[in-house]
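Subject: Structure handover

Hello,

Here is the structure I said I would pass on. My notes on it follow below.

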Amino acid sequence: MAIENEQPSTVGLSKVAVSETHGEDSPYFAGWKAYDENPYDESNNQSGVIQMGLAENQVSFDLLEKYFEEHSEASSWGKGAPGFRENALFQDYHGLKSFRQAMANFMGQIRGGRAKFDPDRIVLTAGATAANELLTFILADPGDALLVPTPYYPGFDRDLRWRTGVKIVPIHTDSSNNFQVTPEALEAAYQCAESMNMKVRGVLITNPSNPLGATIQRTVLEQILDFATRKNIHLVSDEIYSGSTFSSSEFISIAEILEARNHKDSERVHIVYSLSKDLGLPGFRVGTIYSYNDKVVTTARRMSSFTLISSQTQHLLACMLSNEEFTENYIRINRQRLSRRYDMIIKGLKKAGIECLKGNAGLFCWMNLKPLLGEPTGEGELGLWKIMLNEVRLNISPGSSCHCSEPGWFRVCFANMNEKTLEVALERIHKFMEQRKKKRINKV
């Protein structure tokens with residue numbers, strides 16, 4: 001039975017508990033709540049909200065289901081008690097050696113073998129959220145700053161700031177060069193942080209980018225690494241969509257840049273990876289930190305005691321990822337399916353008169369609705385977002401929730417639904433655009 005307390009509590013809570021830096025007052029999360037209250041269902045609620053604000057990969061889930069149907073040994077302990085006993089009593093913060101080896105191999109496989117990973121440098125965490133927060137605790141003190149290119153994943157406002165007390169200083173980018181980071185923008189962000197008496201501890205990038213759905217060019221990666229080296233700060237590369245590029249050759253990992261430089265200045269570089277996006281397993285809560293810094297690896301491993309992955313999950317995934325025939329087939333088919341789904345939404349939006357940033361990765365596209373804004377302001381963008389959510393009944397993420405400097409851009413996810421639902425969403429957008437077109441003609 002729930003405890004009812006009609007009077008407001010006078011018992012104090014910690015500063016973290018009452019802090020507003022949780023970030024959940026963002027339209028990004030508000031859209032999720034609207035969907036939860038009225039979710040679209042093909043059979044039972046055809047007028048409901050279609051969830052296009054969730055970056056979830058369901059296009060290749062059938063491949064995972066087929067694997068586990070055909071390999072039941074992955075989810076069992078075999079005959080006798082030794083396997084069960086060993087895993088049930090396992091408490092080593094390093095994680096299962098077999099799983100760390102499988103993860104290292106899989107990360108290299110995704111990158112086409114152009115980068116190699118040492119399993120002894122892999123630190124396991126309960127998802128990429130935990131990995132990014134854990135790294136932030138290690139690299140920075142409360143009040144210090146991390147430089148993050150905009151637009152960025154809205155969850156970073158929570159993941160990097162809330163419990164750590166660290167500040168995010170934006171590296172502003174714009175559409176004039178397809179939102180690529182420039183040396184000038186890096187320096188401007190650094191100077192901005194210093195002007196506010198913040199100590200800059202590092203740069204955090206997402207590659208491929210969330211929300212842009214595009215990879216970072218090699219020259220830009222080299223410039224960012226050079227900048228971090230010159231300022232003697234860290235570089236965190238969140239690469240959780242590295243296996244979701246439509247072609248392996250289009251993605252350049254920071255690990256490849258380091259290998260080309262014989263790992264010079266590598267002690268300041270740290271990579272975050274997860275199985276939530278590429279394999280579509282967010283519920284398994286599997287993330288990793290891969291650091292080239294011995295002290296960071298040691299400290300992260302100690303701190304990972306707060307965010308461990310169950311040994312059962314590790315055992316199951318070690319079996320699957322060690323099957324190279326399966327992983328090669330999965331990576332190839334998943335890329336093909338994501339590319340097809342991307343083409344489907346881009347063509348559908350173009351038919352409705354809407355353009356998008358050219359993308360080559362991820363589970364979303366970066367849609368340009370600037371021509372629809374009554375006024376080119378953040379307020380105008382949020383007004384349009386509310387219409388899309390409440391009238392068109394599509395939950396898409398406004399660029400302002402990603403701290404985009406240009407009003408009118410929206411992130412639209414396409415991999416968390418079947419093609420039939422995506423067609424319904426595109427039909428709604430097309431109808432909405434036709435109605436606006438008629439209103440303009442009537443006004444004239």
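To begin with the contacts: of those in the chain with a separation of 6 or more, 76% are between residues 24 or more positions apart. Please keep in mind that this is a predicted model.

Overall dimensions

The chain has 444 residues, and 53% of them count as buried. Its radius of gyration is 23 Å, which agrees with the value near 22 Å that a compact globule of 444 residues would have. Taken along the principal axes, the box filled by the C-alpha atoms is roughly 75 × 60 × 55 Å. The secondary structure comprises 15 helices and 13 strands.

Helices α2 and α14

Helix α2 covers residues 27-37 and helix α14 covers residues 378-390. The two pack with their axes 11 Å apart, at an angle of about 15 degrees. Angles under 35 degrees count as roughly parallel, and α2 and α14 are therefore roughly parallel to each other. Their crossing is right-handed. On the α2 side the contact is made by P27, A30, G31 and A34, and on the α14 side by L382, W385 and L389. By type, the residues of this contact divide into six nonpolar, one polar and no charged.

T288

T288 lies in strand β8, which runs over residues 287-291. Is T288 buried or exposed? Its relative accessibility is 0%, so T288 counts as buried. Neighbours within four places in sequence set aside, T288 is in contact with M103, M107, I122, V123, L124, T125, A131, I271, V272 and Y273. I also have a distance from T288 to I240: the two are 48 residues apart in sequence, and their C-alpha atoms are 9.6 Å apart in space.

S209

S209 sits in a loop, the one between β5 (200-206) and α9 (218-231). With a relative accessible area of 8%, S209 is buried, because the cut-off for buried is under 20%. Which residues does S209 contact, leaving aside its neighbours within four places in sequence? They are A214 and F364.

In short, the notes cover a roughly parallel helix pair, α2 and α14, a buried residue in a strand, T288, and a buried residue in a loop, S209.

Regards

Methods:
Residues are numbered from 1 along each chain as its sequence is written. This is a predicted model: local features need pLDDT of at least 70, side-chain atom pairs count only at pLDDT 80 or more; totals for chains, interfaces and linings use all residues. Side-chain values use heavy atoms; hydrogens and water are left out. Axes are lines fitted to C-alpha atoms, for helices over the stretch in contact, and angles run from 0 to 180 degrees between N-to-C directions. Helices (H or I, at least four residues) and strands (E, at least two) are DSSP runs, numbered from the N terminus. Angles under 35 degrees count as roughly parallel, over 145 as roughly antiparallel, 65 to 115 as roughly perpendicular and the rest as oblique. A crossing is left-handed if the near helix is turned anticlockwise from the far one by less than a right angle, and right-handed if clockwise. Contact means heavy atoms within 4.5 Å. Ala, Val, Leu, Ile, Met, Phe, Trp, Tyr, Cys and Pro count as nonpolar, Asp, Glu, Lys and Arg as charged, and the others, Gly among them, as polar. Buried means under 20% relative accessible area, exposed over 50%, partly exposed in between (1.4 Å probe, protein chains only). The radius of gyration is taken over C-alpha atoms; the globule rule is 2.2 Å times the number of residues to the power 0.38.
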